[in-house]
Amino acid sequence: MPNNKDFSPEILDKLNALQKKYAAMGQDISSYLDGLLYADFLTYWDYINLDTLLNLQQPITPYPDEKVFIIYHQITELYFKLCLHEFDRVAHSVKAGELTPGFLLERVRRINRYFEALTSSFDIMVDGMDAGEFLKFRMSLLPASGFQSAQYRKIEICSTSIDRIAHQNHREKFSNPSIEDLPHVFKHLYWREGASELKSGTKTLTLKQFEKKYDSELLDMAEEYFSANIRSAAASLTFSSDDKFKDELRHEMRWLDVNVNINWTLAHYKSAVRYLQRNPEDIAATGGTNWQKYLPPRFQKRIFFPELWSEQELEDWGKTWVKKEIFGINS
Ligand code: HEM
């Protein structure tokens, strides 16, 4: 039988600390030590649920590149989840009345980092699939589309006030909405109006299915983030005149606007151009939007933080990148 001499003072200290911890919760430390005794050592594969994760790629056609397509979408959704994790921390902090400039700055910085990783890896889609294969397996996926990514819509809701993601035609009249206006503005978000059938102008099936599954969840989220989105959270902060975070936050928020509303958007647009531009009937391989008019930022002008941009910058939104990356013009 071991006695006190068999244990180092550090181990005895730890046992005492543990005993106090469990006693404070009315628990018996001895049962928990039994638990430790019988538990298996943790493995990497169990901890990160590796078997489940690697079982989630289930192509529905025989074309090998469909797996690339599925996996890259999953990678993107995981990054989106990381972003939402940071937005959630901002919201908690706002609701607890504890938000500080430094905390908000770090959250926005992280989200930017995630989006930069996504934008810089998008070539996996643009160049990494055989175009002929893509056009074939994509037909089997209709009417599903990345358009139905709810996490993408959530990122927008958490970033800015709801009027900023309304369709351009309504943005002015909806500016500075009250929380009572939310359900009405919500009906006029840009993506709802963008997803109309090329010919008839009626809602696409892609949109109808999305609305059925996510509308109420997204509206709840819009309410929850009414005062806790990044734009409102930043506006609620007070800075001292020499606050070093003020300029840094402004800088990171401008990057967030560029990352979500220009860089990712255009990297994604580039993939649509690469695979779908060929001839008009190929447009069928989408969720049915007029994507050439819908996807480019210079048409939609989605801008989360207009107050951070000059008139000229707002006017030129997305143009330089399109010229350079899509048309190869440098000026
Ligand atoms: C070859 C690759 C891709 C092509 C050709 C493509 C094509 C398209 C098209 C044409 C649309 C417009 C909606 C429609 O008519 O379906 C769209 C929307 C969308 N896609 Fe993709 N996509 C690709 C990859 C991805 C990936 C990897 C993601 C990551 C989740 C994604 C997420 C989205 C999102 C969020 C939208 C909505 C954008 C908005 O509303 O502005 N797409 N995509």
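Rings of Phe, Tyr and Trp (its six-membered ring) pair if their centres lie within 6.5 Å; planes under 30 degrees apart count as stacked, over 60 as edge-to-face and the rest as tilted. Y72, F80, F115, F122, Y152 and W264 form one aromatic cluster. The structure holds 21 aromatic pairs.

This is a predicted model: local features need pLDDT of at least 70, side-chain atom pairs count only at pLDDT 80 or more, and totals for chains, interfaces and linings use all residues. Residues are numbered from 1 along each chain as its sequence is written, and side-chain values use heavy atoms, without hydrogens and water.

| Pair | Centre distance | Plane angle | Class |
|---|---|---|---|
| F69 and F134 | 5.6 Å | 70 degrees | edge-to-face |
| F147 and F210 | 6.4 Å | 70 degrees | edge-to-face |

F69 sits in helix α5 and F134 in helix α8 (residues 131-139), so their pair ties together parts 65 residues apart in sequence. Helices here are DSSP runs (H or I, at least four residues), numbered from the N terminus. Both F69 and F134 are buried, meaning under 20% relative accessible area (1.4 Å probe, protein chains only). F147 is buried at 10%, and F210 is buried at 2%.

**Helices α5 and α9**

The axes of α5 (residues 65-95) and α9 (residues 150-159) come within 10 Å and cross at roughly 25 degrees. That makes α5 roughly parallel to α9 (angles under 35 degrees). The contact (heavy atoms within 4.5 Å) involves E77, F80, K81, C83, L84 and F87 of α5 and Q151, Y152, K154, I155, C158 and S159 of α9.

Notes:
Axes fitted to C-alpha atoms, helices over the stretch in contact; angles between N-to-C directions. Helix = DSSP H or I, 4+ residues; strand = E, 2+ residues; numbered from the N terminus. Parallel < 35°, antiparallel > 145°, perpendicular 65-115°, else oblique. Buried < 20%, exposed > 50% of the residue type's maximum accessible area, 1.4 Å probe, protein only.
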